[in-house]
Amino acid sequence: FSLLISLMINKNKVNLKIILGFLFLVFYILLNSILMSGGGLSTVIGFLLNFTTMALALATLQKTKYFKRYVLYYASGLAISGFVALLGNWIPAAKEQIQNMGESYTVYQNNQLFTRFSGLDIDPNYFSFQVLFAISLLLITSQFNNRNLKENTLILILVFMGINTLSKMFLLLLVSIVIFTFIIYAKYKFAS
């Protein structure tokens, strides 16, 4: 909400392509949630609000030098969320709170409770989607350059966090991203 007010006060121009792409994403998510009716309305609205903020921030970005900074903050926030959740497993009160957050994503097997990793998020699939999004953005900002230590370190940390979610979607899309990155990198190396 504050971002919208800031846009109106500063009379910033908005990139129409990003807004149209985002509206297409909103339409797809709403249509999917209506047809599948598996997710609650509050989950869908929360998902859309998170990405509305990101879409507006990217749409108003006038100078690309800030893009890399925003991506690093976003990826660092996800990594910190994951580290706090991992460290919380050794603190009994924190472990109980984290398990309560992901209560609907637990599995009882042989009278033992297993909770899928989701950082400090509730849904492990949503967390893994955000991790994939951050990895993709980090690859774009690093421009497939080996000398970007911060980006490469964050990518490795996020891959570790994503694998811990035990999400099949994460693994399939990660393989796709790796193949795509390899093709682009090979094309770039052979072209120069």
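User: What should I know about the model and its numbering before I start?

Analyst: The model is predicted: local features need pLDDT of at least 70, side-chain atom pairs count only at pLDDT 80 or more, and totals for chains, interfaces and linings use all residues. Residues are numbered from 1 along each chain as its sequence is written, and side-chain values use heavy atoms, with hydrogens and water left out.

User: How many helices and strands are in the protein chain?

Analyst: Elements are DSSP runs numbered from the N terminus: helices are H or I with at least four residues, strands are E with at least two. Here the protein chain has eight helices and two strands. Their order from the N terminus is α-α-α-α-α-β-β-α-α-α.

User: Is Gln-130 buried or exposed?

Analyst: Buried means under 20% relative accessible area, exposed over 50%, and partly exposed in between, using a 1.4 Å probe and protein chains only. Gln-130 sits in helix α6, residues 124-142. Its relative accessibility is 11%, so Gln-130 is buried. Across the protein chain, buried residues make up 31% of the 192 residues.

User: Which side chain makes a polar contact with the side chain of Gln-130?

Analyst: A polar contact is a pair of N or O atoms within 3.5 Å; within protein, one must be able to donate a hydrogen and the other to accept it, and residues adjacent in sequence count only if both atoms are side-chain atoms. The partner is the side chain of Tyr-74, at 3.4 Å. Tyr-74 is buried too, at 19% relative accessibility.

User: How many aromatic pairs does the structure hold?

Analyst: Rings of Phe, Tyr and Trp (its six-membered ring) pair if their centres lie within 6.5 Å; planes under 30 degrees apart are stacked, over 60 edge-to-face, the rest tilted. The structure holds one pair. Tyr-74 and Phe-133 have ring centres 6.0 Å apart and planes at 80°, so the pair is edge-to-face. Tyr-74 lies in helix α4 (residues 65-88) and Phe-133 in α6, so the pair ties together parts 59 residues apart in sequence. Phe-133 is partly exposed, at 25%.

User: How do I read helix packing?

Analyst: Two packed helices are described by the angle between their axes and the distance between the axes. Axes are lines fitted to C-alpha atoms, for helices over the stretch in contact, with angles from 0 to 180 degrees between N-to-C directions. Angles under 35 degrees are roughly parallel, over 145 roughly antiparallel, 65 to 115 roughly perpendicular, and the rest oblique.
Take α6 and α7 (residues 149-164): their axes come within 10 Å and cross at roughly 160°. The two are therefore roughly antiparallel.

User: And α8?

Analyst: The axes of α6 and α8 (residues 168-191) come within 10 Å and cross at roughly 10°. These two are therefore roughly parallel. Contact means heavy atoms within 4.5 Å. Residues of α6 that meet α8 include Phe-129, Leu-132 and Ile-135, and those of α8 include Phe-170, Leu-173 and Ile-177.

User: Where is Leu-166 found?

Analyst: Leu-166 is in the loop between α7 and α8. Its phi is near 55°, a positive value in a residue other than glycine. Leu-166 is exposed, at 61% relative accessible area.
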